[in-house]
Structure formats: structure tokens, C-alpha cells
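I'm opening my notebook on a structure that is new to me.

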Protein chains: 2
Amino acid sequence: MKKTRGRPPSGGREEILKATLDVLRERGIARLTTREVAERAGVSEGSIFYHFVDRPGLLKAVFENSLDGMKNLTSAAYASNDIRTTLNTFAKVIADFLDSGLDVLIAAQADAELRGVVVDFLVGNDYGPHRGIAGIGHYLAEQQAAGVIRSDIDPKIISYLIVSDAFQRAAQPKLFGQRKGVPGQDAFFTALMTLIAPVD
Amino acid sequence: MKKTRGRPPSGGREEILKATLDVLRERGIARLTTREVAERAGVSEGSIFYHFVDRPGLLKAVFENSLDGMKNLTSAAYASNDIRTTLNTFAKVIADFLDSGLDVLIAAQADAELRGVVVDFLVGNDYGPHRGIAGIGHYLAEQQAAGVIRSDIDPKIISYLIVSDAFQRAAQPKLFGQRKGVPGQDAFFTALMTLIAPVD
DNA sequence: GTCTATAGGTTGATAGAC
DNA sequence: GTCTATCAACCTATAGAC
């Protein structure tokens with residue numbers, strides 16, 4: 001059996017994908033032309049159409065590439081025995097994904113057809129925030145059973161608060177251009193730990 | 001003194017703005033052409049350029065129009081004596097804005113230049129989530145002083161949780177196409193009330 | 001202020017050689 | 001698989017009449 005599955009990397013294809021994402025983030029999807037992508041990737045326009053058929057095909061490939069990072073959202077390893085440290089690790093995994101994943105999700109909204117393609121992909125793979133929420137929720141349920149966090153709250157809600165925080169933290173600077181009003185991550189987690197601590 | 005300030009409404013201008021927002025939300029900004037806007041508004045393309053100079057000018061006008069709804073985020077009236085009811089009212093004001101405001105903020109990301117225009121507008125008017133957070137935070141601080149909510153938490157954090165929830169609730173269906181994982185608003189507020197209740 | 005007609009520029013996509 | 005050259009379509013913007 002060969003070591004690499006599928007096409008042998010001649011470089012061109014990957015360079016195109018990378019260049020596309022770069023242009024997407026810098027110029028915005030409305031300014032993304034196959035011409036500029038070709039220049040940045042160091043290939044001709046013809047190559048782009050050879051590999052991806054058409055512009056939507058190129059974008060679809062880039063989108064699915066970035067969005068596949070969402071599969072990691074369920075299975076973040078438990079980092080330590082400390083709750084806060086573990087929750088922080090979960091949050092970091094989500095934040096890492098959102099940094100580039102959000103750009104793609106937002107870009108897709110610029111075109112109704114791309115919107116549909118992305119949604120189909122997400123739904124088809126069952127990708128979405130609920131995966132992160134479920135993963136953290138499972139961990140928190142264990143902690144609750146162990147009596148480490150208060151018992152009068154649905155762990156899913158706590159989990160949702162953590163995911164929402166990560167989402168807000170990632171999305172706000174992108175959409176509003178500033179981070180005003182968002183508490184530091186430390187302040188957030190400190191408050192959260194206080195809120196979910198067992199009540200006497 | 002005349003009753004109406006500024007230009008007498010001949011209708012055309014407003015129709016164009018409305019049609020533009022409609023096309024923006026339906027087709028996406030990348031598919032928004034002056035041609036289709038003109039058709040929908042029932043005017044000629046020439047009229048669009050007469051009123052808004054160029055395409056970016058048209059979009060800028062639409063953006064600022066929608067984003068100005070953000071000024072209401074600070075001053076939501078206190079609805080009742082009940083905390084939960086009042087917080088729900090705050091949340092509703094934010095949700096109402098986000099429903100259309102988010103579409104505009106997201107659309108602007110499709111073009112680096114528009115991105116800049118919008119950010120300048122937001123920063124220049126000090127618009128952003130922090131306004132909602134500050135408004136609710138002020139109310140919560142009063143409640144805390146009155147002993148109705150626990151005293152060991154910064155009210156700003158609670159306020160941030162509420163705004164984040166509203167944001168997640170509005171953004172997720174737009175970006176992911178589904179609402180999976182988001183708890184119902186009632187469940188969220190019920191949990192929140194439990195979390196912020198005074199501890200013995 | 002609004003229209004019609006059209007110019008001018010850009011862009012996605014194809015054809016065919018290598 | 002990659003390139004060059006080119007086309008056809010589309011869209012923004014302008015000019016000038018009403």
C-alpha cells in the first residue's frame with residue numbers, strides 16, 4: 001500500500017487553497033478573484049479551474065477544509081484534575097477553531113448559494129456549537145456527580161455559557177472591530193467558578 | 001418651522017434603501033447588484049447613483065441606517081419590579097437589533113473596504129455590545145446593592161452573560177443554519193436566576 | 001429627481017499547446 | 001497538470017433628455 005492516499009502532492013493544489021483563504025481573510029470574499037488567487041499561489045488561473053472546476057467549487061473546497069476542524073470540538077482531552085484548567089483547555093480548542101472557522105462561516109453569508117452549501121455540509125456532518133456544548137457538558141456532568149459543582153443546575157447550561165463566551169470573544173473583534181465590553185478570559189472563568197461552586 | 005427636517009420624502013430614496021437591505025439578506029451582498037435593487041425598488045439604476053453616488057455609498061447608507069438601532073441598547077426602560085422580567089426586556093431589545101443588525105455586520109466582512117467603513121462608524125459613535133452590557137450592568141448593580149442578587153460577583157459579568165446569550169441566540173442560526181445546542185431562552189434565564197440568587 | 005441608453009472595465013471560464 | 005491567450009457576460013457608472 002502506498003503511503004499517501006489520493007493524488008500525489010505536486011504542491012499546486014494546496015498552494016491554491018492556502019492562497020484563497022489568505023485573500024478571503026484579507027480582502028474579503030467579494031474581492032476574491034481567481035486572478036489574485038492565482039498570482040498569490042504562483043500558478044495560472046487555468047490551474048485553478050482545472051482543480052476546482054469553477055469559483056464556487058474553489059470556495060466550497062476552502063470552506064469544507066476549514067470547517068472540518070469542527071470535528072475536534074467534541075473530543076478535547078481532559079487536561080488535568082483541576083476543573084478550571086480543564087475548562088480552559090476546552091475553551092482553547094474552540095477558540096482555535098473559531099479564529100479561522102468564523103471567517104469562513106461569515107464569508108459564506110455573502111452569497112446565498114454558498115450559504116446553502118455550507119449549511120448542508122454542517123448539517124450533513126452534524127457540525128455545530130452543540131458538539132462543543134455536548135463535550136464540555138459531559139465532563140461537567142461527571143464533576144457534578146462528584147459533588148465538585150453545584151447540583152441545582154443543568155451542566156449543559158454551564159457548558160453553553162462557556163461556548164457562548166468563546167463565540168463572543170472570537171466574533172466580536174471580527175464584527176465590531178473592537179473588544180470593548182468583553183471581560184478578560186480570566187475574569188470570566190473566575191466568575192464562572194464562583195457561580196458554579198457548590199452552595200452550602 | 002417645517003414639520004419635516006431635511007429632504008421631502010419623494011419615496012424613491014427610501015424605497016431604494018429598503019430594497020437594498022432586502023436583497024442583501026436574501027441573495028447576500030456578493031449577489032447584490034444595482035440592477036436588481038433598482039428593479040425591486042421600482043426605480044431606474046440612474047436614481048440609485050443620483051442618491052448614493054456609487055455602490056459603496058449605497059451600502060454605507062444601508063449599513064449606517066441599520067446600525068443606528070444600536071443607540072437603543074443603553075437605554076432600555078426598566079420594565080417591572082421583577083428582575084427576570086426586566087432582564088427579559090433588555091434581552092428583547094438586543095435581540096430585535098441583532099436580527100437585522102447582524103446581517104449587516106456580517107455582510108460588511110465580505111469587503112475589506114466596507115469593513116473599514118463600518119468599523120469607523122461603530123467606533124466613532126461608540127457603538128458595540130459594551131453599551132448593552134453597561135446598561136444591564138448598571139441595573140444589576142442596583143439590584144445587587146438592594147441585596148436581590150449575590151454580592152460576590154461583578155454585575156458586569158452577569159450582564160455579559162446575558163448579552164452573549166442574545167448574541168449566540170441570534171448569530172448561530174444565521175451562521176450555522178440551525179439552533180442545535182442553544183437552550184431555550186426560558187431555560188437560560190431560569191438557570192441564570194438560580195446562579196445569581198443570593199447565597200446563604 | 002427620474003429616466004433611457006450606452007460606455008468602459010473587470011472577471012469567470014474555455015481552448016489548445018506543452 | 002500547468003501554461004498562455006482570449007472570449008463572452010456582467011455590472012458599475014456616466015451622459016443627456018425630460
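This is a predicted model: local features need pLDDT of at least 70, side-chain atom pairs count only at pLDDT 80 or more; totals for chains, interfaces and linings use all residues.

Is Glu36(A) buried or exposed? I looked it up: Glu36(A) has a relative accessible area of 15%, and since buried means under 20%, it counts as buried.

Next I checked what Glu36(A) pairs with. Its side chain meets that of Arg27(A) in a salt bridge, at 2.8 Å from N to O. Arg27(A) comes out as partly exposed, at 37% relative accessibility.

Then I went over to chain B. Which residue does Arg27(B) form a salt bridge with? The partner is Glu36(B), and the closest N and O atoms are 2.8 Å apart. For Glu36(B) I noted a relative accessible area of 15%, so this residue is buried. Arg27(B), at 36%, is partly exposed.

I stayed in chain B for another pair. Asp68(B) and Lys71(B) form a salt bridge too, with 4.0 Å between the closest N and O atoms. I looked up both partners: Asp68(B) is partly exposed at 27%, and Lys71(B) is partly exposed at 44%.

Last entry: how many salt bridges does the structure hold over all chains? The count I wrote down is 33.

Technical notes: Residues are numbered from 1 along each chain as its sequence is written. Chains are lettered from A and ligands numbered from 1 in the order in which they are written. Side-chain values use heavy atoms; hydrogens and water are left out. Buried means under 20% relative accessible area, exposed over 50%, partly exposed in between (1.4 Å probe, protein chains only).
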